[in-house]
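I set down here what I looked up in the structure, entry by entry.

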Amino acid sequence: MQYKRLGSTGTKVSPLCLGTMTYGTPEWREWVLDEQASRPFIKQALDAGINFFDTADMYSRGESERVVGKALTDYAQRDDFVLATKVFMPMGNGPNDRGLSRKHIMSAIDGSLERLGTDHVDLYQIHRWDYDTPIEETMEALHDVVKAGKARHIGASSMYAWQFAKAQQVAERNGWTPFVTMQPMYNLVYREEEREMLPLCADQGVGVIPWSPLARGVLAGKTTQGEGGESTRAQTDENTRKWQLGGEIDAPVIDALREVAEARDVSMAQIALAWVASNPMVTAPIVGASKSHHLEQAIQAIDIELSADEKETLEAPYVPHPIAGHN
């Protein structure tokens with residue numbers, strides 16, 4: 001495993017990050033694995049050299065953090081893994097149980113740390129942009145979280161490039177902690193981040209840790225959504241349809257992906273992941289795993305070096321998409 005710097009920081013992370021939305025309780029989403037079923041995947045990742053784990057307070061309404069934190073504590077020393085979580089999404093029914101106000105951030109970080117069973121996270125991320133809170137309030141609160149020792153670094157997730165640039169400028173102007181990572185949706189059938197966000201991150205030395213590198217399973221060949229889907233998640237996931245992933249306009253990309261994968265005698269998922277990881281602006285794609293071979297194939301995919309011709313075959317059929325995943 002060749003470890004990489006997390007953005008411009010000195011923290012070293014594996015070139016894959018294990019996303020943990022799949023681990024928690026099926027009471028939240030029926031495709032989520034419970035604690036007993038989740039733990040083997042976290043150990044498998046650690047044994048393979050993956051040291052980077054991403055969760056969020058809203059995953060299973062906090063149960064994911066508890067499950068992930070307990071497993072990591074049982075299987076590894078605290079300094080041996082890089083732990084990331086997020087804040088923004090609703091954690092209750094009250095008006096202050098969500099968003100990026102100072103009130104919610106200060107409450108949320110303490111709740112996350114308690115559930116995770118640690119005194120700090122390595123990366124504390126805002127899960128989306130909060131249109132109801134001044135960015136100055138958010139950035140100062142995040143700065144105070146870092147200065148209190150509760151987070152080592154801060155990061156952001158899907159938003160417009162102008163919003164990210166504004167947040168960074170506010171932090172710089174006031175001497176506050178800037179974001180060191182951006183977590184956008186980025187994959188072969190959703191490449192809109194290449195227009196502004198990825199170049200901005202490259203210019204500013206911000207690490208890019210994309211979510212959904214397989215387009216929620218579409219690029220693994222699971223193109224049927226809804227009732228005829230191959231998995232419980234495909235049958236019940238409304239976001240795949242809402243974001244128009246894997247629709248008619250994506251068929252040529254999926255056909256090209258299948259062609260390259262068959263020529264290589266590897267899975268479509270591996271080629272799709274190898275393509276994301278090959279982007280020099282990407283630090284570590286975030287992958288989920290609900291079966292052991294998912295993780296095995298993802299690790300193997302990192303070592304696949306695509307040729308220029310293969311990349312051209314994969315990229316040529318892409319057409320612009322509506323902006324998705326920001327809300």
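Which residues is Lys70 in contact with, leaving aside its neighbours within four places in sequence? I found Glu35, Arg39 and Leu116, where contact means heavy atoms within 4.5 Å. The model is predicted, so local features need pLDDT of at least 70 and side-chain atom pairs pLDDT 80 or more, while totals for chains, interfaces and linings use all residues. Residues are numbered from 1 along each chain as its sequence is written, and side-chain values use heavy atoms, without hydrogens and water.

I placed Lys70 in helix 2, residues 63-75 (a helix is a DSSP run of H or I, at least four residues, numbered from the N terminus). Lys70 is partly exposed, at 39% relative accessible area (buried is under 20%, exposed over 50%, partly exposed in between, with a 1.4 Å probe and protein chains only). From C-alpha to C-alpha, Lys70 lies 6.8 Å from Gly117, although 47 residues separate the two in sequence.

I next looked for disulfides, taken as pairs of cysteine sulfur atoms within 2.5 Å. The count is 0. Cys17 is in no disulfide, its nearest cysteine sulfur being that of Cys201, 16 Å away; that distance is too far for a bond. Cys17 is buried at 0% relative accessibility, and Cys201 is buried at 1%.

Last, I asked which residues line the largest cavity.

Conventions: Helix = DSSP H or I, 4+ residues; strand = E, 2+ residues; numbered from the N terminus. 1 Å grid on protein atoms, 1.4 Å probe; cavity = no way out; pocket = protein on both sides within 12 Å on 5 of 7 lines; lining within 4 Å.
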